[in-house]
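Good morning, everyone, and thank you for making time for this. Please have the sequence and the model open as I speak, and follow along as I move from one region to the next.

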Amino acid sequence: MSNLVDIIKISNIIVADRAREDYADIKDLTEKIRVRGLIQPIAVKELSGGKYLLLAGGRRLAACKRLVMETIPARVFPGDLTEVDEKEVELSENIDRKDLSLHERWKLEKAIHDLYMARAGGPKVSKAPGAPGHSLRDTAKLLGKSHQQIATHVMLATAMEESPEMKQALSRVKTDKDAIKVLRAANKIIEASENRKRVEAGYIPKVHKDLMEAFNIGDAFEGLSSVEDKSINILEIDPPYGIDLLHNKKSQTSAGVQNITTYEEVEESDYSEFIDRLLSIASTKLSEDGWLILWFAVQYYEMIKTAIENHGLIVCRTPGIWVKPQGQTNRPDTLLASCYESFFYARKANSKINKQGMKNTFLYNMVPPQFKVHPAERPIEMIECILQTFANPSSKIKVAVPFCGSGNTLLAAANLGMIGIGWDNSQQYKDAFVQRVVAGKPPNYKSYS
Ligand SMILES: C[S@@+](CC[C@H](N)C(=O)[O-])C[C@H]1O[C@@H](n2cnc3c(N)ncnc32)[C@H](O)[C@@H]1O
């Protein structure tokens with residue numbers, strides 16, 4: 001591309017829709033040009049009739065207009081410049097500028113990517129060297145950026161193009177990271193409503209439909225009461241803890257800490273009655289060789305152990321322990337980081353441990369915040385291990401989960417080919433569960449990736 005620097009009349013320059021939109025700091029630039037003159041020429045394409053199309057330098061041109069200048073130095077590109085060449089000029093002028101806003105950068109990079117795609121006749125058909133087509137990797141190489149960066153920017157620019165609501169939401173963010181968070185949150189809401197519609201319309205594979213139906217929205221007591229007596233092989237209960245979770249647990253989920261507001265707690269003064277009522281139903285549902293797994297807060301050790309015994313189950317006085325390699329505390333000045341949670345395991349007269357000789361500690365990391373949907377979520381991998389400890393995986397094993405929260409126990413049971421049923425009174429947790437159900441398939445549901 002030959003390009004000559006010329007002095008051209010400002011009135012002959014046509015300004016079309018361009019990537020740069022924000023001329024907010026134009027005052028400063030105008031002042032600089034007034035004092036020092038224009039150091040960097042603008043770029044234009046020659047049109048017929050002595051006119052020029054602006055390719056790059058919109059802010060500089062606007063500043064010169066404010067100074068009522070009649071002419072401006074410009075690099076003049078020939079009229080046969082292709083659209084891709086034009087974009088290349090604009091890119092080379094703009095892409096390294098520090099003052100390009102976040103949104104202008106996304107838009108510009110996407111425009112370049114789209115143009116190169118169009119010129120190459122579409123996306124790359126294979127990863128083989130020299131394969132026809134154009135890929136995000138090619139654009140990344142061209143712009144000297146990482147594939148991940150370009151993929152993210154193109155995705156964000158596309159989202160802004162496709163929806164006015166997204167454009168509005170994304171135009172408020174200041175970093176790529178925040179933009180991704182906004183996009184993820186919006187996508188979750190859209191996916192959840194689409195999933196619901198698909199289920200209602202019946203367009204769902206059976207394996208997913210069964211799992212979705214296994215998670216019931218409603219009261220755990222009523223749900224468990226409706227189950228046939230002595231039909232449950234494993235009853236995994238992780239009830240509200242009777243402690244003020246909002247103050248005692250610093251929890252971050254992928255959807256943010258606001259998730260915690262849907263978490264329903266039980267008052268300390270009502271807790272022993274709550275546990276007694278729960279166990280009176282639970283004990284009648286366990287099969288003759290069944291196991292109860294009941295998570296508890298250590299301050300209720302004695303009360304809960306006694307309640308389990310009063311309802312006719314044989315409970316081991318040494319609980320099972322989930323050991324978390326990384327502890328948590330929101331008061332490091334006075335409290336050590338808490339590294340464990342405990343569960344009682346209790347049985348009927350004929351129950352036998354499946355994996356005999358297993359240790360009573362289960363060493364598993366917490367679910368990483370970016371994958372977390374529930375403040376008290378147990379990792380699927382650990383629950384699988386616990387379920388297999390107590391029952392041999394098969395479709396004959398029925399697992400009931402009265403306070404199923406994230407639904408991870410249902411996913412763990414599905415991974416093992418067991419039949420799960422659960423209840424939680426939060427629609428929000430069910431929505432998050434449904435998304436994970438449709439995104440995978442047993443035996444591949446995971447918490448760590
Ligand atoms: C400790 S969390 C369970 C977390 C779960 N183990 C997991 O891995 O995600 C307790 C759950 O019980 C639910 N809940 C509280 N009271 C309930 C009730 N009466 N009926 C149904 N669900 C209830 C809360 O919404 C919360 O999700």
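Let me begin with a definition: two strands are said to pair if DSSP finds at least two bridges between them, and helices (H or I, at least four residues) and strands (E, at least two) are DSSP runs that are numbered from the N terminus. With that in hand, Ile 234 stands opposite Val 399, which belongs to β13. What we have here is a predicted model, in which local features need pLDDT of at least 70 and side-chain atom pairs count only at pLDDT 80 or more, while totals for chains, interfaces and linings use all residues. Residues are numbered from 1 along each chain as its sequence is written, and side-chain values use heavy atoms, with hydrogens and water left out.

Let me stay with the strands for a moment. Between β7 and β13, which covers residues 398–401, there are 2 bridges, and these strands run parallel. From β13 the pairing continues to β14, residues 419–424, again in parallel, this time through 4 bridges, and Val 401 has Gly 422 in β14 as its bridge partner.

Elsewhere in the chain, in what order do the 5 strands of the open sheet stand? The order is β1-β5-β3-β4-β2, and the pairing is mixed. The strands at the edges are β1 (4–9) and β2 (13–14), and each has a single partner strand, so one side of each is left without a neighbour in the sheet. For β2, we can see a pairing with β4 (residues 52–56), which is parallel and rests on 2 bridges, and within it Ile 14 has Leu 53 of β4 as its bridge partner.

Now to the charged side chains. How many salt bridges does a search of the whole structure find? The search finds 14, where a salt bridge is a side-chain nitrogen of Lys or Arg within 4 Å of a carboxyl oxygen of Asp or Glu. One of them is between Lys 285 and Asp 229, at 2.6 Å from N to O, and this pair links distant parts of the chain, with Lys 285 in helix α12 and Asp 229 in the loop between α10 and β7, 56 residues apart. Is Lys 285 buried or exposed? Lys 285 counts as buried because its relative accessibility is 5%, whereas Asp 229, at 46%, counts as partly exposed.

A salt bridge also joins Arg 436 and Glu 377, at 3.8 Å from N to O; Arg 436 is in helix α16 and Glu 377 in the loop between β12 (361–363) and α14 (380–390), so to speak distant parts of the chain, 59 residues apart. Both Arg 436 and Glu 377 are buried. In another pair, Glu 341 and Lys 324 form a salt bridge whose closest N and O atoms are 2.6 Å apart, and it links strand β11 (residues 338–347), where Glu 341 is found, to strand β10 (residues 320–328), where Lys 324 is found, the two residues being 17 residues apart. Glu 341 and Lys 324 are both buried.

Helix α12 (residues 271–285) also holds Asp 276, which is partly exposed because its relative accessible area is 37%. Together with Glu 267, Glu 268, Asp 270 and Glu 273, Asp 276 forms a negative surface patch. Patches are made of residues with over 30% relative accessible area and no salt bridge, with like charges joined within 9 Å and nonpolar side chains (Val, Leu, Ile, Met, Phe, Trp, Tyr) within 5 Å.

I will close with the backbone. Most residues other than glycine have a negative phi, and most peptide bonds are trans. Val 68, however, has a positive phi near 55°, and this residue lies in the loop between α2 (58–66) and β5 (71–77), where it counts as exposed because its relative accessibility is 69%. Lys 230 likewise has a positive phi, of about 55°, and is found in the loop between α10 (220–225) and β7 (232–237). Lastly, the peptide bond from Pro 442 to Pro 443 is cis, with omega near 10°, and Pro 443 lies in the segment after α16 (427–439).

Technical notes. Accessible areas come from the Shrake-Rupley method with a 1.4 Å probe; for residues, only the protein chains shown count as cover. Lys and Arg count as positive and Asp and Glu as negative; His and the chain ends are not counted. The place of a charge is taken as NZ of Lys, CZ of Arg, CG of Asp or CD of Glu. Buried means under 20% relative accessible area, exposed over 50%, partly exposed in between (1.4 Å probe, protein chains only).
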